[in-house]
Amino acid sequence: MPVRFFQIGFNKCGTTSLFKLFARSGIPCVKHTGTRNSLISGRDPYHWNVQSRIRKNFSHNKKPLAGLSKSLAFFDMEFTSDDDEIENFKSFRELYAAYPDAKFMLNVRNKWDWIRSRAGHANGDYLLRAAKRHDRAGFEILHAWQHDYEAHNSSVREFFSDKKECFLEFNIDADPIEKLIDFAAPDFILEKRFWMNLNSRRDSRIQIADKVFEGLFRPPLSLPSPHAGQSVVAFPTRLAAT
């Protein structure tokens, strides 16, 4: 059985950059659902949806990657719609049990930047769909995301604390790409020239996120930022009337 590679951190933590590094290095891999524009074109959003297939495999007590033998590396292992949420990256224990020889990467970034980036994703639609899905106000979703980020990352670190040979925590803000290249080898040969941290446009996306907050909440509040000279939008106490 070939070695597999699982990214088990959240989306909006460099998943596109990481996926493209692997793909351009010639490694068969898949990001997100493995499909494009399924909702826009009117097709069933679960048709050939990799994350849906993995969830079905779990529910039928099959190997998680049954039917997905052509892919070796998996990124952005989630899928959300107006009424459904699949988060296969949180099943890291089951993935390890099924593939103990696999390599697992927890991708992380500054928490506040992550929350703002996630809130601004798809011009705020990602946040609004989450609020609708859980029947919660927008600010409640932001609080839930903060807790979820901390709890998940802590659980991953605890689980892999005695399995360091197959685990890497990679901070996309601070870690050199050589750290990932060395970890992936020799099973996955990554070429440094294909690494391009697409979060270089993060500042513009954060500005979009701030506009989204301003559209949802009155007035926007700020918290001290962990980065000198910056601020982060706080979580207001109520949703503004629309």
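Modeller: Some ground rules before you ask. Residues are numbered from 1 along each chain as its sequence is written, and side-chain values use heavy atoms, leaving out hydrogens and water. Since the model is predicted, local features need pLDDT of at least 70 and side-chain atom pairs count only at pLDDT 80 or more, while totals for chains, interfaces and linings use all residues.

Biologist: How many helices and strands does the chain have?

Modeller: We take them as DSSP runs, numbered from the N terminus: helices are H or I with at least four residues, strands are E with at least two. On that basis, the chain has eight helices and nine strands.

Biologist: What share of the 242 residues is buried?

Modeller: Buried means under 20% relative accessible area, with a 1.4 Å probe and protein chains only. Going by that cut-off, the buried share of the 242 residues is 51%.

Biologist: How many aromatic pairs are there?

Modeller: Rings of Phe, Tyr and Trp (its six-membered ring) pair if their centres lie within 6.5 Å; planes under 30 degrees apart are stacked, over 60 edge-to-face, and the rest tilted. By this rule the count is 24.

Biologist: What is the centre to centre distance between phenylalanine 104 and phenylalanine 160?

Modeller: Phenylalanine 104 is buried, at 0% relative accessibility, and phenylalanine 160 is buried at 0% too. Phenylalanine 104 sits in strand β6 (residues 103-108) and phenylalanine 160 in the loop between α6 (138-159) and β7 (167-171), so the pair links distant parts of the chain, 56 residues apart. With 40 degrees between the planes, the pair is tilted, and the distance is 5.1 Å.

Biologist: Which ring lies under arginine 118?

Modeller: A charge sits over a ring if NZ of Lys or CZ of Arg is within 6 Å of the ring centre and within 35 degrees of the ring normal. Arginine 118 is 4.8 Å from the centre of a ring, and that ring belongs to tryptophan 145.

Biologist: Where do the buried residues of helix α7 lie, on the same side or on opposite sides?

Modeller: In α7 (residues 177-184), the buried residues are Ile177, Leu180, Ile181, Phe183 and Ala184. The arc is that of the directions from the helix axis to the C-beta atoms. Theirs covers only 165 degrees, so they lie on the same side of α7.

Biologist: Which strands are among the elements that cover those α7 residues?

Modeller: The cover includes a helix, α1 (15-24). The strands among the covering elements are β1 (5-7), β6 and β7.

Definitions and conventions. Buried < 20%, exposed > 50% of the residue type's maximum accessible area, 1.4 Å probe, protein only. Contact = heavy atoms within 4.5 Å.
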